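Dear colleague,

Please find the structure below, handed over for your use. My notes on what was found in it follow directly after.

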Amino acid sequence: MYDIVIENLRWKYEAGEEALKGVSLKVRKGEFLGIVGPNGSGKTTLCLCMTGLIPQMVKGRWEGRVIVDGMDVTKTKLRDIVRSVGIVFQDPEVQLLKMTVEDELAFPLENFAVPREEMRKRVEWALKQTRMEEYRMKHPFELSGGQKQRVAIASVLALTPRIIILDEPTSDLDPIGKREVFDTLHRLKGNHTIIIAEHETEELMKYADRLILLKDGKIIHEDSPSRFFYKIDVDSGVHIPQLIMLSRLLGNVRNLTAIRELVKYDSVKHVRETSPKRVESEEAVKVSGLKFIYPDGTIAIDGVNLSIRKGEFTALIGPNGSGKTTLCKCIVGLLKPTEGNVKVDGRIGMVFQNPDHQLFCKTVYEECAFGLRRMGLAEEEIKEAVADILKVVGLSGLENVEPFFLTKDKRQRLAIAATLATQPEIIIVDEPTTGQDVRQTRDIMDLLRRLNEKGKTILIVTHDMKVVAKYAGRTIVMKDGRIIADGETRDIFSRFDVLREASILPPQITIFGRKIIPQTTVLTVEEMYELVKVRA
Amino acid sequence: MSTRTLFLHLPKESPMTKLHPSLKLITLIIINLIAWIMEAPVPLLILVSSIILCFKIAMIPVRRIMRFFRFILLIVQAVLISYLLGSKIPGESVYITFPWGTYISETTLLYAFTMILRFLAMLFASTLLLATMTERDIVYGLIYLHLPYSLSFVVSLAFKTMGVFIDDFIKVRDAMTLRGVSFDKGSLLERAKNYASLGVPLAVLSIRRMIESSYVVAMRGLTLGGRRTYFHEYKFKIYDLLLLVFLGVLLAITLLLKWTGPLSFPGWPLRR
């Protein structure tokens with residue numbers, strides 16, 4: 001009846017706080033269970049407990065019982081558990097161990113001494129299940145993020161486990177990658193018990209049979225997706241799907257056709273715009289005829305002309321490999337253009353996607369002071385500047401903490417602080433919200449907005465269209481090294497054909513808005529609410 | 001169509017793609033051994049020329065491995081400097097004597113040239129073979145040589161990790177450059193210090209990845225020493241056998257000629 005039974009599970013890492021505080025959970029055979037919750041709530045820990053990796057490979061204090069496919073994870077060899085449970089991790093790079101897709105899928109089968117003929121059949125089957133047949137001889141580096149995660153899923157599938165656990169498998173992926181992973185899971189639904197920890201609640205809602213909310217190591221709510229998001233707290237740290245948010249604002253109007261009825265075309269004149277607009281000012285960045293070719297011959301940027309005005313908040317969007325990061329690197333001077341030129345008026349700083357690539361000092365204070373010392377400031381001035389910047393990013397009081405002991409969102413904020421400390425006029429932020437929960441995303445984006453309001457020019461590279469819609473006045477769409485659209489965000493999000501060409505899915509509320517008011521482009525839930533609230 | 005090797009894309013028609021994986025490893029070992037045994041400049045020159053010719057036969061896109069040649073050039077410079085400044089090889093005429101007691105004679109020059117040829121033979125042969133090997137070649141090559149699977153797994157993982165490490169290195173260096181760290185300017189000590197500071201984030205990233213990789217390996221069911229099967233099967237073909245015989249004969253002749261004298265370095269009997 002149940003594939004997984006967890007009874008009063010408590011887990012404390014050897015050098016850390018108690019991560020799970022009495023979790024009890026039963027997962028039915030063939031169920032698709034979604035685990036949501038803010039970062040640090042214990043999602044990953046729970047996933048690792050269900051695989052036996054905790055407590056068998058991680059040190060800590062364990063209480064309670066976890067039975068997986070009839071096996072007690074504390075008493076059964078990991079190798080035996082693996083036959084029943086497979087796990088897909090967040091980082092696609094780390095979990096691919098071999099140099100071709102085919103070898104990756106064969107690897108776990110070889111480890112279990114599966115005969116060659118049987119192995120061939122299973123590899124074929126797993127490739128087919130994940131629609132990766134044509135990529136069998138590809139090197140992992142040649143695959144997109146979504147394809148890599150599909151390979152990781154296929155590799156798990158090859159062992160034909162009853163249970164598949166996925167720990168935030170789409171966090172590092174672009175919109176196409178996310179869709180590929182969820183499509184694959186949709187195909188597997190019913191034949192396997194699927195448990196997925198995920199921030200993408202809109203996708204999760206479509207597929208999950210049940211959702212649980214984990215907070216501070218405890219399950220605080222569980223329900224079917226149709227009821228779940230109506231019952232959880234708005235400030236629970238979980239993204240509430242936009243249409244449900246709208247429905248909740250309207251007093252729990254659950255029937256979307258009822259919302260449609262609330263809007264009469266003739267009564268809608270204008271959307272009360274809550275998102276920022278473009279600004280007209282002097283040029284901060286001027287890119288002319290930019291072309292960049294990597295030494296292996298890959299044309300990353302192919303004739304880009306671009307002008308960014310001072311004080312603009314711009315979003316650079318597009319699928320992976322479209323040239324966004326390369327363009328940013330050319331702007332900050334890390335890459336020398338093959339052709340064309342870049343002119344920048346003012347000091348420029350860049351925050352990288354992974355804060356761990358950027359932090360190298362012993363303390364939080366030293367991290368912020370580093371750039372200021374290079375500028376030759378006196379120690380008193382540095383002290384003052386660091387105190388100011390740490391206050392801005394909400395890290396005051398952590399001056400003496402080692403950066404690598406901070407949580408990921410705090411490391412991300414520290415990376416921003418370290419960049420901001422040198423007072424750049426132009427700030428480029430690459431994927432500021434990847435892997436962040438809804439509250440952390442809001443904190444980081446609000447910080448960037450405040451800086452923008454103080455006159456800083458902001459350019460963000462992101463796959464999160466909700467963030468683009470809410471914060472960016474201007475949006476640039478890239479594909480195959482070229483700019484295919486550039487304009488006010490509202491205008492860009494009204495051009496569904498362009499977005500489709502760049503494989504970008506606009507926010508749920510924008511799609512819904514287009515359906516009920518075709519002549520208007522709605523960017524945020526607040527805008528939609530303004531349109532319908534009077535009649536509601 | 002092409003095959004992706006450890007460093008480049010190799011055309012499918014390249015004869016190197018058809019060789020048995022273990023033979024590629026054996027060739028790598030034997031050529032290096034022959035180069036190490038030889039001390040005469042002319043045979044070494046012939047060996048180097050033959051290896052260069054093999055690049056053409058193997059259809060290696062030389063443009064893609066230019067960075068290796070830059071590295072080779074650095075080694076050549078180091079070898080040359082060490083012999084010119086730090087050796088005492090007697091000759092008919094001594095051109096320069098250094099205050100620390102070493103000197104340069106015409107034999108020094110010839111010997112330095114010979115040693116450069118030896119290094120070139122070794123480095124070119126290694127580049128040739130590594131550039132044409134896939135991760136699968138290494139794994140199966142070692143397996144067919146009856147070495148434990150754990151060794152071939154570690155070696156293949158090291159190659160995979162190297163790519164990720166280089167990627168991390170570039171990103172960390174870029175991030176530091178943007179915060180005002182210069183890796184090309186300043187005194188040697190300053191630059192060394194800057195490079196050393198790269199170590200902190202790289203170490204943290206590596207440890208994190210290592211922990212995650214160990215979870216992945218465990219969840220793929222790998223145990224050391226347990227019974228396992230293999231997805232691919234390689235058979236020793238006639239051309240593999242011919243090449244093996246050729247290499248064996250070449251090694252035997254080299255040993256014989258070295259023992260009898262023709263492959264020893266002329267004019268410096270004092271060394272042995």
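A salt bridge is counted here where a side-chain nitrogen of Lys or Arg lies within 4 Å of a carboxyl oxygen of Asp or Glu. A:E102, A:D103, A:E124, A:R136 and B:R136 are linked in a network of such bridges.

Some conventions apply throughout. This is a predicted model, in which local features need pLDDT of at least 70 and side-chain atom pairs count only at pLDDT 80 or more, while totals for chains, interfaces and linings use all residues. Residues are numbered from 1 along each chain as its sequence is written, chains are lettered from A and ligands numbered from 1 in the order in which they are written, and side-chain values use heavy atoms, with hydrogens and water left out.

Salt bridges

Over all chains, the count comes to 46 salt bridges. One of them joins the side chains of A:E110 and B:R228 at 3.2 Å, N to O. This pair crosses between chains, from helix α4 of chain A to the loop between α8 (199–219) and α9 of chain B; helices (H or I, at least four residues) and strands (E, at least two) are DSSP runs, numbered from the N terminus. A:E110 is buried, with a relative accessible area of 6%, and B:R228 is buried at 14%. Here buried means under 20% relative accessible area, exposed over 50%, and partly exposed in between (1.4 Å probe, protein chains only).

A salt bridge of 2.4 Å, N to O, is formed by A:D356 and B:R208. A:D356 lies in the loop between β15 (348–351) and α13 (364–374) of chain A and B:R208 in helix α8 of chain B, so this pair too joins two chains. A:D356 is buried at 4% relative accessible area, whereas B:R208 is partly exposed at 26%.

Within chain A, A:E282 forms a salt bridge with A:K310, the closest N and O atoms being 3.6 Å apart. The two residues are 28 residues apart and link distant parts of the chain. A:E282 is exposed, with a relative accessible area of 53%, and A:K310 is partly exposed at 30%.

Strands of chain A

Strands are said to pair if DSSP finds at least two bridges between them. An open sheet of four strands has the order β2-β1-β4-β5, with antiparallel pairing. Because β2 (18–28) and β5 (71–72) stand at the edges with a single partner strand each, one side of each is left without a neighbour in the sheet. Strands β1 (residues 2–13) and β4 (residues 60–68) pair over eight bridges, and A:K12 stands opposite A:R61 in β4(A).

Strand β9 (residues 210–215) is mostly covered, with five of its six residues buried. β9(A) runs parallel to β3 (residues 32–36), to which four bridges join it; A:L211 is the bridge partner of A:G34. With β10 (residues 218–223), β9(A) pairs in the antiparallel sense over five bridges. In the hairpin of β9(A) and β10(A), which has two residues between the strands, A:D216 takes a positive phi near 50°.

Surface of chain B

B:V249 belongs to helix α9 (residues 238–260) of chain B and is partly exposed, with a relative accessible area of 43%.

With kind regards
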